[in-house]
Amino acid sequence: MRVLVTGGAGFIGSNFVLRIRQTRPDWQITVLDSLTYAANADSLAPVADEIEFVQGSIADEVLIDRLVAANDLVIHFAAESHNDNSLDNPYPFVETNVIGTFRILEAVRKHGKRLHHISTDEVYGDLELDDPGRFSETTPLNPSSPYSSTKASADLLVRAWIRSFDITATLSNCSNNYGPRQHVEKFIPRQITGVLQGVKPKLYGSGENVRDWIHVDDHNDAVVSIIEDGRPGETYLIGADGEQNNREIIALLLELMGKPADWFEHVNDRPGHDLRYAIDSSKLRAETGWLPRYSDIRSGLQATIDWYAANPTWWTSSKEAAEQVYTRLGR
Ligand code: NAD
Ligand code: TDX
């Protein structure tokens, strides 16, 4: 099978490609990535001789048409992915997440190819802390930020192309990922790399906000399960029952990194900060048999800490740039 992976030099996409080389060695992989600030070409270095890499944008109509025509399946990870950036400058989010997805859909329609669209639980908005409910496939879309509203827009486009043009596509909406090769602007790697440099973790607001953490390999295995065993036209939520508030995550990181429990600081909150995300992934589990393997966040975080400690050259230059942005934003 010839597979086009968009956004394959980013966090989840690069982990996907590395893992697929192990688990599905017969898949022929082409990565399309525009190499924004969020990409790291070093992430794909171990498989550079085994894949084709194309630098370019999913919003480039001619390029997308050619690449989609040459492949059997498109797995669409490419996105502008950081909420804080979307609050600062939303335009790239509209161009990549909305226009880029539109270009892919048109090429998929024209050439009759299969698509798997990667999305986020943030399209459903947020839940109260004491709400016993969780997001499911029938939860109405209600996004809060420019990032999540552009992801919801993309999801709606995919659903419309399924219904109106009968394209063969599946969608997945996953909760917060953690693991190696995540850009240092994101919560967990920002704190790990900060502590490694002697800087205290930074907690937005009160830190009561809850995220439903999943290891990136569990997310990527679920994507393969949906591609192989999911029903065309369907949406699947991916989650690993990993709810933790941000204070709890910082406490665990400090303990694992040998720092006192109070060695962190509060910084300005994110405007419109979603309170809680929680995923009910029973549809995925029932229909594909997928189960998460990294259910122990403590050991998953320890392995993630070990990876950042062992790979400073991967993150040092992006760390400086990311912290300059945070200084400007006051966070
Ligand atoms: P990331 O920011 O680490 O990587 C995104 C990649 O897309 C980068 O390599 C970037 O260069 C590339 N890209 C951006 N604009 C592009 C364009 N116009 N053309 C081609 N490539 C472009 O993001 P991530 O965390 O790996 O997220 C991947 C996908 O998973 C996104 O669609 C995101 O919405 C979704 N998602 C992420 C999480 C999470 O916790 N990180 C959770 C659920 C869903
Ligand atoms: O320094 C920080 N301190 C802090 O308290 C940072 C960077 C974040 N936070 C908080 C904000 C969130 O409540 O930590 C939580 C996680 O923040 P992010 O890593 O920015 O993730 P989030 O906004 O939840 O979105 C992530 O999960 C869903 C990904 O970035 C999205 O791409 C994905 O769709």
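Glutamate 323 has a relative accessible area of 22% and is partly exposed (buried is under 20%, exposed over 50% and partly exposed in between, with a 1.4 Å probe and protein chains only). Its side chain forms a salt bridge with arginine 190, where the closest N and O atoms are 2.9 Å apart (a side-chain nitrogen of Lys or Arg within 4 Å of a carboxyl oxygen of Asp or Glu). The pair joins distant parts of the chain, with glutamate 323 in helix 11 and arginine 190 in helix 6 (residues 187-196), 133 residues apart.

Please keep in mind that this is a predicted model, in which local features need pLDDT of at least 70 and side-chain atom pairs pLDDT 80 or more, while totals for chains, interfaces and linings use all residues. Residues are numbered from 1 along each chain as written, chains are lettered from A and ligands numbered from 1 in the order written, and side-chain values use heavy atoms, without hydrogens or water.

**Salt bridges**

- The count comes to 22 salt bridges.
- Arginine 190, the partner of glutamate 323, is buried, at 4% relative accessibility.
- Aspartate 88 and arginine 328 form another pair, with 2.9 Å between the closest N and O atoms.
- These two sit 240 residues apart, arginine 328 in helix 11 (residues 312-329) and aspartate 88 in helix 3 (residues 83-88).
- Arginine 328 is exposed at 55% relative accessibility, whereas aspartate 88 is partly exposed at 36%.
- Glutamate 243 meets arginine 276 in a salt bridge of 2.8 Å, N to O.
- Glutamate 243 is partly exposed at 33%, and arginine 276 is buried at 4%.
- Arg231, Glu234, Lys283 and Glu287 are linked in a salt-bridge network.

**Around ligand 1**

- The ligand is surrounded by 28 residues (a heavy atom within 4 Å), and the closest are Ile12, Asp33, Ser81, Tyr147 and Lys151.
- By type, the shell divides into 13 nonpolar, 13 polar and 2 charged residues (Ala, Val, Leu, Ile, Met, Phe, Trp, Tyr, Cys and Pro count as nonpolar, Asp, Glu, Lys and Arg as charged, the others as polar).
- Helix 1 (11-23), strand 5 (114-120) and helix 5 (146-165) each supply at least two shell residues, and strand 5 gives the largest share, 3 residues (helices are DSSP runs of at least four residues, strands of at least two).

**Contacts with ligand oxygens**

- A polar side-chain atom of tyrosine 147 lies 2.6 Å from a ligand 1 oxygen.
- A backbone N or O atom of isoleucine 12 lies 2.8 Å from an oxygen of ligand 1.
- A polar backbone atom of asparagine 177 is 2.8 Å from a ligand 1 oxygen.
- Taken alone, ligand 1 exposes 840 Å², and the protein buries 96% of that (Shrake-Rupley method, 1.4 Å probe).

How values were computed: Polar contact = N/O pair within 3.5 Å; in protein donor to acceptor, adjacent residues only side chain to side chain.
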